[in-house]
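This briefing is an introduction for someone meeting the structure for the first time. Please look over the sequence and the model before reading the points below.

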Amino acid sequence: MQILGSGGPRINPDRASTSYLLWIGSQAKVLIDAGGGAFLRFGQSRANLGDLSLVAISHLHPDHVSDLPALLWTGQSSRKQPLPITGPSGNEGVPALPAFLSRLFDSKLGAFQVLGPTLGGPPVAGAEGGIRLEVGVADVAKPEPTVVFDKDGLMVTALGIPHGAVPTLAYRVQTRNVSIVFSSDQTGTNPRFTDFAKGANVLIMHMNIAAGAKSPLHASPGVVGRIAQEAGVGRLLVSHINPGFDLDAAVAELKQSYTGPLTVGADLQCTPVQ
Ligand SMILES: [Zn+2]
Ligand SMILES: [Zn+2]
């Protein structure tokens, strides 16, 4: 598992916004989120778009999706077969992933009409049309996990998690008897998430607020630690870190409830999963 972006929404000299790559052998197979800076980090990782089996989007905050158009604006030589992409259902304040993509890429009404071919629109003469997408969606209100991908020994499930009013999904990727769980942004108040993360070899959680702080959007470091401890994961990796954040104090609070192996995320850092 490689981190492309270990930062959050704040402007950051060292960290791109959220993005992760799951490598299997020498191929990058799953891209989770594509926040600002993911385009550059994807290039630095030497991953190939043609190798990806799935792009999984957790939610539609800009720090998780703003580099998606940049990544997709490439010629057919990068990838000929359609690219599965999945993401959350919507509500009155946020579109579902399919509507979000239409608003971006529709060849008549989209913001990036030049990317119309990503959704099956006609190519624009002389321009790179982008990679053809195969769009899926998972209902965030469903209490049980949804299987969003199951092919070639790679299974990905999604579970709705609380992140203010923004429909948000956590993902669990299982392959070759190992599992990695991507928590995304969440308050940690869906008790089903602990079961969803149970026994994962690596659990990636977002530590976005300071020790002792409260937020309607994010879990405190103590809650992050408690969830990892209760889920009995092999390793906890914390990410989504903004500048000016007192990391040492947050890690100290987290360690009051979590006693297992811990990694503080950094861009392009790789964590072997076995
Ligand atoms: Zn975020
Ligand atoms: Zn968010």
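Donors are N, O and S atoms within 2.8 Å of the metal (3.2 Å for Na, K and Ca), and because water is not among the atoms, sites may look incomplete. This is a predicted model, in which local features need pLDDT of at least 70 and side-chain atom pairs count only at pLDDT 80 or more, whereas totals for chains, interfaces and linings use all residues. Residues are numbered from 1 along each chain as its sequence is written, chains are lettered from A and ligands numbered from 1 in the order in which they are written, and side-chain values use heavy atoms, with hydrogens and water left out.

**The two zinc ions**

- D185 bridges the zinc ion (ligand 1) and the zinc ion (ligand 2), which lie 3.4 Å apart.
- The zinc ion (ligand 1) is coordinated at 2.1 to 2.2 Å by D63 (OD), H64 (NE2), D185 (OD) and H240 (NE2), and the spacing of these donor residues in sequence is D-H-x120-D-x54-H.

- Buried means under 20% relative accessible area, exposed over 50% and partly exposed in between (1.4 Å probe, protein chains only).
- H163 is buried at 1%, D185 counts as buried at 2%, and D63 counts as buried at 7% relative accessibility.

**Nonpolar cores**

- A nonpolar core is a set of buried Ala, Val, Leu, Ile, Met, Phe, Trp, Tyr and Cys residues joined through side-chain atoms within 4.5 Å.
- The largest such core has 29 residues, and those with the most contacts inside it are F42 and L52.
- Apart from this core lies another, of 25 residues, which include I161, V181, A250 and L254.
- Leaving aside neighbours within four places in sequence, F42 is in contact (heavy atoms within 4.5 Å) with residues including L4, L21, L31 and L71.
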